[in-house]
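Hello,

Here is the structure I promised to pass on. Please open it alongside this note, and my findings follow below.

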Amino acid sequence: PGVSVAVIDDFEVVWAHGFGFADAATRAPMTPETVLQAGSIAKTLTAMVALGMVERGELTLDGDINQSLTSWRLADNEFTAQEHVTLRRLLSHTAGVTPSGFGGYAPGADLPTIQQILNGAPPANSQAAQVQATPGSVMAYSGPAYTIVQLALTERANRPFPELMRERIFAPLHMRNSTYAQPAPQRFQRRAASGHTSGGGVEEGRWRIHPEMAAAGLWTTPTDRAQVAIEMARARRGESSRVLSHEMAERMLTEERESSALGWMLGSGNGMFWHNGGTVGYRAHMRMYSETG
């Protein structure tokens, strides 16, 4: 199996290349235009759009998230009696919501609605979203937290999630090789790398489908993905505001707890921010230094 890489220097993509095969069985070559699942790196774009909606007054960062939901509500318990679950805490994995990820669904399988995912109800194959610690007290990485965010975004914007993400981030950043649609449209599937096992074989069905789009549903290329890293860095420096203002970008890249910021993880030195991703058959890594580009 192959790898696709993009390199950023001085706030521009200066090099991109594919190595090996996009599919070990057909030996189709990996190219810079091959699309791959980015796994949890999807969360960073979700967080950017969510914070853009905060800037527009469509969502609140620190209000009770249940006030932004209509078709489903997060159940109150002894933990929420002490502190509210908020958008800030959901984005920074400090809401105390079920710490788990998502395994995805085989092509052709029955797909759950977002409400079934949040309730852990069939055909969902993941745990229900529940508050299991006092909000704000711990950092525990949570896919279900971002599924709650997905529902809030779609209900407040009254738009399907893939369409919302296309309008708010793919279009302004000219990301023509990215989608949150699940399953991916045929034009993406024709250029998609298959997922591979740890032994190097092709995963059965080639890939999994992720209706948990906000948390794990991004198909993209490293070159497209680099546009997000560059935009975040330039917004932080006050040099661009295509998605977020300088003030909101700075807030987004401020630590909330244990190196977790709003959608990003923070490293040390030169304003480094990062995120990894992993779905069945795919692994993704991104690092950016906002001070040096």
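How many aromatic pairs does a search of the whole structure find? The search finds six. Please keep in mind that this is a predicted model.

Start with W207 and W219. Their ring centres are 5.2 Å apart and their planes stand at 80°, so this pair is edge-to-face. The two residues are twelve apart in the chain. W207 sits in the loop between α6 (186-189) and α7 (213-216), while W219 belongs to strand β6 (residues 219-220). Both W207 and W219 are buried.

W219 also pairs with Y282. That pair is edge-to-face too, with 5.9 Å from centre to centre and 80° between the planes. Y282 lies in strand β9 (residues 282-289) and W219 in β6, so the pair ties together parts that are 63 residues apart in sequence. Y282 is buried, as is W219.

Next, the helices. α1 (residues 42-55) packs against α5 (residues 161-170) at about 80°, and the axes are 10 Å apart. The two helices are therefore roughly perpendicular to each other. On the α1 side, the contact uses L45, T46, M48, V49 and M53. On the α5 side, F161, L164, M165, R168, I169 and F170 take part. By class, this contact has nine nonpolar residues, one polar and one charged.

F161 and F170 turn up again in a cluster: ring pairs link them with Y180.

Two charges over rings complete the list. K43 lies over the face of Y146, at 5.9 Å from the ring centre. R191 lies over the face of F188, at 5.7 Å from the ring centre.

Best wishes

Conventions: Residues are numbered from 1 along each chain as its sequence is written. This is a predicted model: local features need pLDDT of at least 70, side-chain atom pairs count only at pLDDT 80 or more; totals for chains, interfaces and linings use all residues. Side-chain values use heavy atoms; hydrogens and water are left out. Axes are lines fitted to C-alpha atoms, for helices over the stretch in contact, and angles run from 0 to 180 degrees between N-to-C directions. Helices (H or I, at least four residues) and strands (E, at least two) are DSSP runs, numbered from the N terminus. Angles under 35 degrees count as roughly parallel, over 145 as roughly antiparallel, 65 to 115 as roughly perpendicular and the rest as oblique. Contact means heavy atoms within 4.5 Å. Ala, Val, Leu, Ile, Met, Phe, Trp, Tyr, Cys and Pro count as nonpolar, Asp, Glu, Lys and Arg as charged, and the others, Gly among them, as polar. Rings of Phe, Tyr and Trp (its six-membered ring) pair if their centres lie within 6.5 Å; planes under 30 degrees apart count as stacked, over 60 as edge-to-face and the rest as tilted. Buried means under 20% relative accessible area, exposed over 50%, partly exposed in between (1.4 Å probe, protein chains only). A charge sits over a ring if NZ of Lys or CZ of Arg is within 6 Å of the ring centre and within 35 degrees of the ring normal.
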